[in-house]
Structures are given as C-alpha cells and as structure tokens.
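Please look over the sequence and the model shown here.

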Amino acid sequence: MSTATVVPLTDRPAWKALEKHFRDVAPLHLRQQFADDPQRGKNLCAEACGIYFDYSKNRITAETVSLLIQLAKESGLAERIEAMFTGQKINVTERRAVLHVALRAPKGEKIEVDGQDVVPEVHEVLDKMSKFSDRVRSGDWVGHTGRKIKNVINIGIGGSDLGPEMAYQALRYYSQRDMTFRFVSNVDGTDIAEATRDLDAEETLFIVASKTFTTLETLTNAHSARKWLLDKLGDEKAVAKHFVAVSTNAEEVSKFGIDTENMFGFWDWVGGRYSYDSAIGLSLMIAIGPEQFREMLAGFHEMDVHFRTTPFEKNLPVILGMLGIWYNNFFGAQTVAILPYDQYLNRFSSYLQQLDMESDGKHVDLDGNTVNYQTGPIVWGTPGTNGQHAYYQLIHQGTKLIPCDFIGFCQSLNHVGDHHDLLMANFFAQTEALAFGKTADEVRADGVPDYQIPHRTFTGNHPTNTILLDRLTPAALGKLVALYEHKVFVQGTVWHINSFDQWGVELGKVLAKRIIPELESTSPPELAHDSSTNTLLTRYRDAKEK
C-alpha cells in the first residue's frame, strides 16, 4: 500500500472537526448524559461473534462516534484492511506481508503471498502439530527410557512465551490435568532452575521456540535445559526424544541434537506477538488437544471475518480502536487498563501489553517522519477483584484519566457457591461507580461526618467499555485476542505507523552482546562505555569475583 498520498493525521477534516467537537464534549458528565437519554445504554452498544460490547459509559455523543468513524475512513482503514488480508507487504520496514489471519483461515480459503497460496502450508503444519500432540497426550510418544511424557516446558521469549502461556492459563480448564505445563523465558537462571527443579527428566519434554534458533535468551535456556537432561540421563541420544523445535533453521536445530522431523515451521509473515495460533502454540495444543485448539482458531477466524466485512459503525475492533484514539489523542490519556473478571485470564493484560505496546510504540510514521501526536498507550491491568483492592483507588479518585476495558462472562466454568454472582456484582458495580461517582450531597445524605465528605466524594465521569461473553471457551478466547489484534491495527492505521516491526527491541540486545565478553573476561577491564556504565560494570566484576 502506498503511503505517499496519505494526508497527515492532524490535517484530516475529521481530525479538525474532532478537535472542535472535543471542546464541546469535554465538560459533559456521564451522569447528565444518561439522564438526558434514558435509552443511551441500548443505543451505544454493538454485538457480534458472541460478544456484547457496551460503550455507553464513554465520554462521547452520537456525533463523537460519527466523527471517529469518519476519521477511520479518511485514514484509509478499509483499504489497509484489504491490503493486510490479501497479503500485501504492509510491514514496509521489513518488506513483509502481515498474515496472522492466515493462521486461522479454514481449509479451502485462498490467501496469497507473492502469488503463492499459504493456507495449504498452514494446515500442513497444523496437521503435523495435531499428530504429534495426540501422540504425546496418549502416551504413544515416550521419552528416552520408555516412560510417558508428563511434563512439557515451553522455552521461548516475547510472543513465543507470552502467547502460549497466556492461552494455556486462559484455557487451563480444558487442559489434560495429568500433565504439567511450564513456560520459561527469562534468561535469569532462576527461571529454568525453578521450572525443572521438581520434575523427572525421563518424563519431561522441552519445546524450544525460536524462528532463527539463534535468539540469545531462548538458546541460553535451551542449552541449560539440555545440560539438565543429560546430567540426569547421561546419553546424547536422549535429546532427540525430549526436545522438539518450533523454528525455520533446520541446520541449527539438528546441531542442537533435535531430529528435524520434530521441527515445526512458521513463516516470516507471522510476527512473534501474533503467533501463538501457529506452531508457537504447540505446547497449548498438547495441553488442550487438537480439536479444542481448532475451536480456538475458528473463534479467531469469526472475528477476522467480522472485522473485514462489517460496516465500521457496527465493527467491534473499529469502535474499540477509535474510542482509544479519542482518549489518547484528544483527552491526553496515556494509559488504558484491561480488567478481566476471570481468574483464568490472569495473563491476558500482560499479553496485551506486548501486543499493543510493541506494535504501536512508535515515534515515526510509515514514511519515516517524526509524528507530532501521541501514539500507543501504556497497557496494564490484572484480574478483578484483585485490582479493586490495589489500584482502583487511583482510577476512582486520582488525578489521572484512565480509560478501562472490563471483560466478563455470564457463566462461570467453576460453580462454587455464589462466587460468580459476587464477582459479577463487582464487575457491574465498578463501571457504574466509575461513570456516575457520588456527589457531596449523596455522601452527606448517608450521614457521613462533614470532615469526611470531601474524601468520600467521587467525581465519576471515568470512561469504561464493557465486553461481555457467555463463557470462556477456546473459541471465545480466539475472538477476544483477535478483537484486540485488530483494535491495535486500527489505531496504527490512523496514526500512520507500522504496527508490525519492533526495532526498539534490538538496540539493548546489540549492546548486551558487546558487554557479555567484558563481564566474562578475567583480564583487567578495558571498558569503552560512558562513565556510569563503566563504573557499574567494574563494580559488578569486582563483586562477582569475590
């Protein structure tokens, strides 16, 4: 897609109209808006793919929504969506297509990159993953000594870790419970040491996830895992029965001792943070089984189709994304809180941190020009009700505007007394409290002493989205993840930035490689850094030698 003809964001007619409109809307209070329109809760909502999306508790009017949709259109969003889905190389800095949507395309669908249909390749890998997963789950695949595999450790980093771990935690209810699954990413030796400490090597399978099979952190952990295994089993041949790889580098995989027949590939048009529904999700497939993994893929695909075909006015990712633009660029909000009211989603906000912040944390546009507006937000959050007793105080009564997404389910997977009703009562109460607050007169009417009234008054007018589903299933998880993937894409399109590279990850890695030999050397240090770094390195070496 050409970028030369795109009108600068702040020069687009809808942007200028939104600037003027903001001055009218900013003073409005949600309390009054709901009083003026008794049907507001029914009018400002959308429903698709089994997701009910209530955005009525936002500081908007119908005109706001109309102008935001117009901005999306003026930003070329429709064309950009088609460019992505048709395999055009929209990742311009790496000259790659962006086709995570192909990972969940059903058989028979055609998606081409450089004239080649990639869908058959995707299903070839899925079929290979399925066969291997079934063998491990059933006990047909055994370790070097003939014992059944009971433990699976995924070794990766970034998207090769956050995605599979988040999804495993989210779908743990559906997992094979006589197996243990762990995830190692941190190059801190504590991570691999604790992951293996109480396991039997004869029953443990490692999945090493690295596209190039050269990622420093991943390969450091993999070699430590290999040493742990060989210290226990004492035979180099054991590696082939206890390690498999998700990679494209057959030479390095073979050199490690892994049979390349047990190497699961993926493609350069899949970014790491968009990859857990590829072979990167092999640990997840072993945990929940191929059938439920494919149900998850179907959920992804359902949201993909909705995003590609639904008019923007009813399009969930578009509305969610444009509301984020409204707060980020007009209200000046710098963060967004993702608050899932389901303990299984305890890693969901962390997963979205990478998805959003690595994608849209950019300060130059697609043409290499420095932007003059805020881009990606800071994303954070934890499951309710834990957060209510930690940081909700600041959201309710602090000085910062923090838009929040509340995610909840009508049905619990674990029916324990009245727990779910109590959980969801908090879920609904929090969005109501954030929107409407409590006035000084209302506090006084409760009999609160005068000296406490200012401290127990809530201004309200804090914006929230409510995302409600029936229950957390594999398909539901796929829909939720795809919803946020496309939301990030919508915002990147409006900001005219590349959501699919991550050059900011590289600089620290390059410098670290330069420092490693300086830390390992026993000769007097010859350090060529700034005075702070030189002093710190010297202090570390001295303390380490002691």
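## Basis of the model

This is a predicted model, where local features need pLDDT of at least 70, side-chain atom pairs count only at pLDDT 80 or more, and totals for chains, interfaces and linings use all residues. Residues are numbered from 1 along each chain as its sequence is written, and side-chain values use heavy atoms, with hydrogens and water left out.

Strands here are DSSP runs of E with at least two residues, and helices are runs of H or I with at least four, numbered from the N terminus. Two strands pair if DSSP finds at least two bridges between them. Isoleucine 153 has phenylalanine 206 as its bridge partner in S7.

Contact means heavy atoms within 4.5 Å. Axes are lines fitted to C-alpha atoms, for helices over the stretch in contact, and angles run from 0 to 180 degrees between N-to-C directions.

## The buried face of H8

Which residues of H8 are buried? They are Ile192, Ala195 and Thr196. Buried means under 20% relative accessible area, with a 1.4 Å probe and protein chains only. Seen down the axis of H8, its buried residues fall within an arc of 85°, so they line one face of the helix. The arc is that of the directions from the helix axis to the C-beta atoms. These buried residues pack against S5, S6, S7 and H9.

## The six-stranded sheet

Another open sheet has six strands in the order S1-S2-S13-S12-S10-S11. Its pairing is mixed. The edge strands are S1 (45–48) and S11 (378–380); each has a single partner strand, so one side of each is left without a neighbour in the sheet. From one strand to the next, the twist averages 15°.

S1 pairs with S2 (residues 51–54) in the antiparallel sense, over four bridges. There, cysteine 45 stands opposite aspartate 54 of S2. Helix H14 packs on the sheet and touches S1, S2, S12 (404–409) and S13 (464–469). The direction of H14 makes about 30° with that of S2. Helix H15 (residues 348–360) lies across S10 (335–340), S11 and S12, at about 165° to S11.

## Aromatic pairs and charges over rings

The structure holds 32 aromatic pairs. Rings of Phe, Tyr and Trp (its six-membered ring) pair if their centres lie within 6.5 Å; planes under 30 degrees apart count as stacked, over 60 as edge-to-face and the rest as tilted. Tryptophan 15 and phenylalanine 330 form a tilted pair, at 4.6 Å centre to centre and 45° between the planes. Tryptophan 15 lies in H1 (residues 13–25) and phenylalanine 330 in H14 (residues 316–331), so the pair ties together parts 315 residues apart in sequence. Phenylalanine 330 has a relative accessible area of 11%. Tryptophan 326 and phenylalanine 330 also make a tilted pair, with centres 5.5 Å apart and planes at 35°. These two are four residues apart in H14, about one helical turn. Tryptophan 326 is buried, at 0%.

Elsewhere, Tyr341, Trp380, Tyr391, Tyr392, Phe406, Phe427 and Phe428 form one aromatic cluster. Arginine 40 lies over the face of phenylalanine 34, 5.4 Å from the ring centre. The charged end of arginine 226 sits over the ring of phenylalanine 256, 5.6 Å from its centre. The criterion is NZ of Lys or CZ of Arg within 6 Å of the ring centre and within 35 degrees of the ring normal.

Histidine 123 is in H6 (residues 119–138). At 10% relative accessibility, histidine 123 counts as buried. Beyond its neighbours within four places in sequence, histidine 123 contacts Ala105, Pro106, Lys107 and Arg294.

Glutamine 169 lies in H7 (residues 159–170). Glutamine 169 counts as buried at 18% relative accessibility. With neighbours within four places in sequence left aside, glutamine 169 contacts Tyr344, Asn346 and Arg347.

Note on methods: Buried means under 20% relative accessible area, exposed over 50%, partly exposed in between (1.4 Å probe, protein chains only).
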